[in-house]
Amino acid sequence: MAKQAKQTSVTVKQVQLHQYDGDILAAGLFEGSERVPKEYANLDKAAGGAIREVLRLGDFKGKANETTILYSTGRVGCRRILLVGLGEKGKIEPAVLRQAAGTAARLADKLGAGRLGLALHAVAEAKINAETAGQVLAEGAVTGRYKYQDYLPADKKTKEVGTMRVAIVEPKAAAASELNRGRRTGAILGQGQNRARAVANKPGNEINPPSLGREAQKMARQFGLKCRVFNDRQLAEMGMNAILAVGSGSANKPRLIMLEHKGRRIGGRKGSAARGKAGAGPDMMVVGKAITFDSGGISLKPSAKMEDMKFDKSGGCAVLGVMTAAAQLKLPLHIVGLIPAAENIPSQTSYRPGDIIRTYSGKTVEVQNTDAEGRLILSDALAYAAKMKPGAIIDMATLTGACVVALGEHNAGLFGNNDALKKKIEKAAKVSGESVWAMPSGAEYLEQMKSKIADLKNIGDRKGGSCTAAAFLGEFVGDVPWAHIDIAAVADTNTEKSWRGVGATGFGVRLVVEFMRRS
């Protein structure tokens with residue numbers, strides 16, 4: 001079927017709210033509002049008191065992402081006014097505006113409204129500065145409209161528009177300028193997140209390690225990144241035996257994908273992304289697990305929900321989103337992205353429980369379960385990254401079901417060997433709206449990963465599974481500041497929300513780029 005990618009452009013329009021002449025204008029109201037806020041007084045007057053009347057009747061409560069459509073009959077430029085609830089006034093934060101923008105964009109889409117105005121920020125100016133507001137409104141609108149429909153025929157009955165022109169509407173010139181600065185950043189981040197989602201959503205018969213490499217090369221050409229893809233023969237020469245072992249059962253041979261953004265002159269950096277030890281390597285490296293399909297291998301998974309194992313490449317896809325966004329934003333950093341890619345399926349050539357692998361680092365690993373494969377491919381990639389002596393390494397991986405059990409679908413697990421680095425990631429998480437929860441991975445957890453016949457084994461017991469997996473990974477980064485983000489619970493969703501659809505979420509793109517912007 002033909003692909004039907006939606007396009008969303010975001011601009012800032014300096015005009016009085018009642019003069020905006022699009023198809024629909026979204027205004028935000030706090031929970032419990034009894035009067036029309038002064039920011040919307042002229043709009044309400046031009047609309048013949050429509051906002052005042054709906055508040056008087058109590059038909060709109062203002063709960064987060066609640067919506068009501070008003071049809072203007074007065075002197076308003078647009079045909080509809082959309083009220084979007086912002087929740088409690090005391091709890092307003094950037095994430096609230098981001099969700100409200102996504103809610104507005106998705107509802108406008110269903111109505112067939114190709115021109116959407118956003119004035120949601122007007123009542124939040126005291127708490128959220130204009131640049132941040134512009135960023136999150138753009139992010140919400142761009143990511144909210146994303147919908148995976150590559151294999152569906154065109155729906156002739158739908159009102160949804162192919163291209164939506166979103167305008168952040170602001171009467172004041174100074175505020176409009178600040179909004180526009182944030183708008184550019186937010187649109188780029190939203191597009192990067194959607195690129196990650198688009199690849200992660202593709203099925204295993206379309207995306208395998210070689211085709212993922214070609215996707216990376218295509219993006220590199222488009223965004224001015226340097227790209228190198230190591231094939232299985234080259235990986236064998238390099239000693240990447242863990243990556244090769246995981247992919248040994250598939251006809252689609254493994255790849256190691258390397259992307260590079262040279263945002264500064266190479267050589268002699270003044271500092272690092274983590275302000276760790278100085279070195280001549282990149283400012284930071286981002287590593288993402290990409291198991292393009294995970295059957296579990298010889299240690300076969302149950303068949304229920306196995307189709308969702310196409311999302312086991314989400315960490316690698318997030319790296320694609322991060323690197324392309326970094327290039328578009330022209331971040332003044334030297335950044336390298338690494339994506340170890342393999343397909344984990346059983347065959348007569350698969351690796352087996354009981355095998356011992358000599359990894360790229362030289363450490364040996366006893367395989368006790370072939371379904372604990374992500375940590376194996378990451379062990380080679382992280383050791384390779386550490387050898388480049390970067391200022392910091394961040395890896396993202398759908399690594400453990402234990403993290404899903406521990407944190408549910410609301411947070412990613414954050415582990416690492418450097419407290420300063422983890423604290424900066426936590427700060428970036430608050431701004432980006434991609435939440436993390438710090439968890440331990442110290443020496444006590446590593447004890448569970450020690451083997452009697454090799455340096456390590458690839459699985460511990462059932463206790464603290466996400467912590468022991470992180471402790472395993474920490475053995476391959478040396479003394480480089482490193483953070484591991486377990487995104488197993490947040491990489492994909494089957495629950496549709498008013499502000500976003502189902503499928504891959506692209507989690508990690510906004511978080512890591514926000515961290516980079518603050519470095």
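Hi everyone, let's begin inside the protein: the lining of the largest cavity is made up of Ala196, Arg197, Ala200, Ser314, Cys317, Ala318, Ile487, Ala491, Ala504, Thr505, Gly506 and Phe507. Two elements give two or more residues each to that lining, namely helix 5 (173-200) and helix 9 (314-329). Before I go on, please keep in mind that this is a predicted model.

How do we find a space like that? Rolling a probe the size of a water molecule over the atoms shows where empty space is left. What volume does the largest cavity have? The value is about 60 Å³. Sorted by class, its lining has eight nonpolar residues, three polar ones and one charged one.

How many cavities of 30 Å³ or more are there? The count is two. The second largest cavity holds about 40 Å³ of space. Around the second largest cavity you will find Ala245, Val246, Ser248, Gly249, Gly297, Ile298, Asn344, Ile345, Ser350, Tyr351 and Thr370. Here the lining divides into five nonpolar and six polar residues, with no charged ones.

Hold on to Asn344 from that list, as this residue brings us to strand 11.

Which strands pair with strand 11? Strands of a sheet pair through backbone hydrogen bonds, either parallel or antiparallel. Strand 8 (residues 255-262) pairs with strand 11 in the antiparallel sense, over eight bridges. There, histidine 261 stands opposite isoleucine 335. Strand 9 (residues 284-288) runs parallel to strand 11, and four bridges join them. Valine 287 has leucine 338 as its bridge partner in strand 11. Strand 10 (residues 290-294) is also parallel to strand 11, again with four bridges. For isoleucine 291, the partner in strand 11 is alanine 342.

Now let's move towards the start of the chain. Here six strands form an open sheet with mixed pairing, in the order 1-6-5-2-4-3. Which strands are at the edges? They are strand 1 (7-14) and strand 3 (67-71), each pairing on one side only. From one strand to the next, the twist averages 25 degrees.

Within this sheet, strand 5 (residues 115-119) and strand 6 (residues 163-170) run parallel and are joined by four bridges. Helix 4 (residues 130-144) lies across strand 1, strand 5 and strand 6, and runs at about 150 degrees to strand 1.

My last stop is tyrosine 151, in the loop between helix 4 and strand 6. Is tyrosine 151 buried, exposed or in between? Its relative accessible area is 43%, so tyrosine 151 is partly exposed, given that buried means under 20% and exposed means over 50%. Along the chain, tyrosine 151 and glycine 464 are 313 residues apart, and their C-alpha atoms are separated by 40 Å.

Methods:
Residues are numbered from 1 along each chain as its sequence is written. This is a predicted model: local features need pLDDT of at least 70, side-chain atom pairs count only at pLDDT 80 or more; totals for chains, interfaces and linings use all residues. Side-chain values use heavy atoms; hydrogens and water are left out. Two strands pair if DSSP finds at least two bridges between them. Axes are lines fitted to C-alpha atoms, for helices over the stretch in contact, and angles run from 0 to 180 degrees between N-to-C directions. Contact means heavy atoms within 4.5 Å. Buried means under 20% relative accessible area, exposed over 50%, partly exposed in between (1.4 Å probe, protein chains only). On a 1 Å grid over the protein atoms alone, a cavity is a set of points where a 1.4 Å probe fits but cannot get out, and a pocket is an open set with protein on both sides within 12 Å along at least five of seven lines; lining residues have an atom within 4 Å of a point. Grid points are joined across faces, edges and corners, and a volume is the space filled by probe spheres set on the points. Ala, Val, Leu, Ile, Met, Phe, Trp, Tyr, Cys and Pro count as nonpolar, Asp, Glu, Lys and Arg as charged, and the others, Gly among them, as polar.
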